[in-house]
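This report is for a reader meeting the structure for the first time. Please look at the sequence and the model before reading on.

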Amino acid sequence: MSEASEVKDTAFERLGGEAAVRALVDRFYDLMDLDSAYRGLRALHPTHLEGSRDKLFWFLCGWLGGPSHYIERFGHPMLRARHLPFAIGIAERDQWMACMKQAMAELEIDTTLAERLAAALFNTADWMRNRGV
Ligand code: HEM
């Protein structure tokens, strides 16, 4: 692979584009809905998860270096501000990360890519914390 094409290569492309991001988000919310380990995280979300699925899908496409679906619809993500209505501490952060890691593992995303994404997502999830514990 040439240097120029490496520069263009994004995590979005490496993951497999929109269909793969959608599958990851769907598995993430299916697990949140079904697995009692994520009960606390699920309880923060609305009864129906369709809107949450769409928003995370649109956001992650752009965050991974793909199309800016979220920004086109809602403007700047302001993620921390948008999470302020929800009490997010260490337990909520860790449940979010565990749920996402489980979804990535079940979809058999390349281990190196999954580890890199998990490290970057952890920083975002940790930044969302708005209470100490
Ligand atoms: C740290 C633990 C987290 C918790 C407990 C949490 C919880 C929530 C909740 C309850 C909502 C509202 C759902 C809805 O309106 O349907 C939400 C929205 C959202 N979350 Fe999170 N979240 C967390 C981390 C993250 C992370 C790490 C990301 C991105 C990588 C993310 C991206 C989003 C997006 C894009 C929205 C939609 C915002 C909007 O337009 O209203 N969240 N989150």
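The text below covers the ligand, the pocket and the cavity, in that order.

This is a predicted model, in which local features need pLDDT of at least 70, side-chain atom pairs count only at pLDDT 80 or more, and totals for chains, interfaces and linings use all residues. Residues are numbered from 1 along each chain as its sequence is written, and side-chain values use heavy atoms, with hydrogens and water left out.

**The ligand and its shell**

The ligand is surrounded by 21 residues, the closest being Leu41, Ser52, Tyr70, His83 and Trp96 (a residue counts if one of its heavy atoms lies within 4 Å). This shell holds 13 nonpolar, four polar and four charged residues (Ala, Val, Leu, Ile, Met, Phe, Trp, Tyr, Cys and Pro are nonpolar, Asp, Glu, Lys and Arg charged, and the others, Gly among them, polar). At least two shell residues come from each of helices H4 (39-44), H5 (50-63), H7 (79-83), H8 (90-106) and H9 (111-127); helices are DSSP runs of H or I with at least four residues, numbered from the N terminus. H5 gives the most, four residues.

| Side chain | Ligand atom | Distance |
|---|---|---|
| Ser52 | oxygen | 2.5 Å |
| Tyr70 | oxygen | 2.5 Å |
| His83 | nitrogen | 2.8 Å |

**The largest pocket**

The ligand takes up the space of the largest pocket; a molecule sits in a pocket or cavity if more than half of its atoms lie within 2 Å of its grid points. On a 1 Å grid over the protein atoms alone, a pocket is an open set of points with protein on both sides within 12 Å along at least five of seven lines, a cavity is a set where a 1.4 Å probe fits but cannot get out, and lining residues have an atom within 4 Å of a point.

The volume of this pocket is about 730 Å³. Its lining has 25 residues, with Tyr29, His45, Leu79, His83 and Trp96 nearest the centre. H5 supplies the largest share of the lining, six residues. By class the lining has 16 nonpolar, five polar and four charged residues.

**The cavity**

How many cavities of 30 Å³ or more does a search of the whole structure find? There is one, and the largest cavity holds about 40 Å³ of space. Its lining consists of Leu15, Leu24, Leu60, Trp63, Leu64, Met100, Met104, Leu117 and Leu121. H5, H8 and H9 each give two or more of these residues. The lining has nine nonpolar residues, no polar and no charged.

Technical notes: Polar contact = N/O pair within 3.5 Å; in protein donor to acceptor, adjacent residues only side chain to side chain. Points joined across faces, edges and corners; volume = space filled by probe spheres on them.
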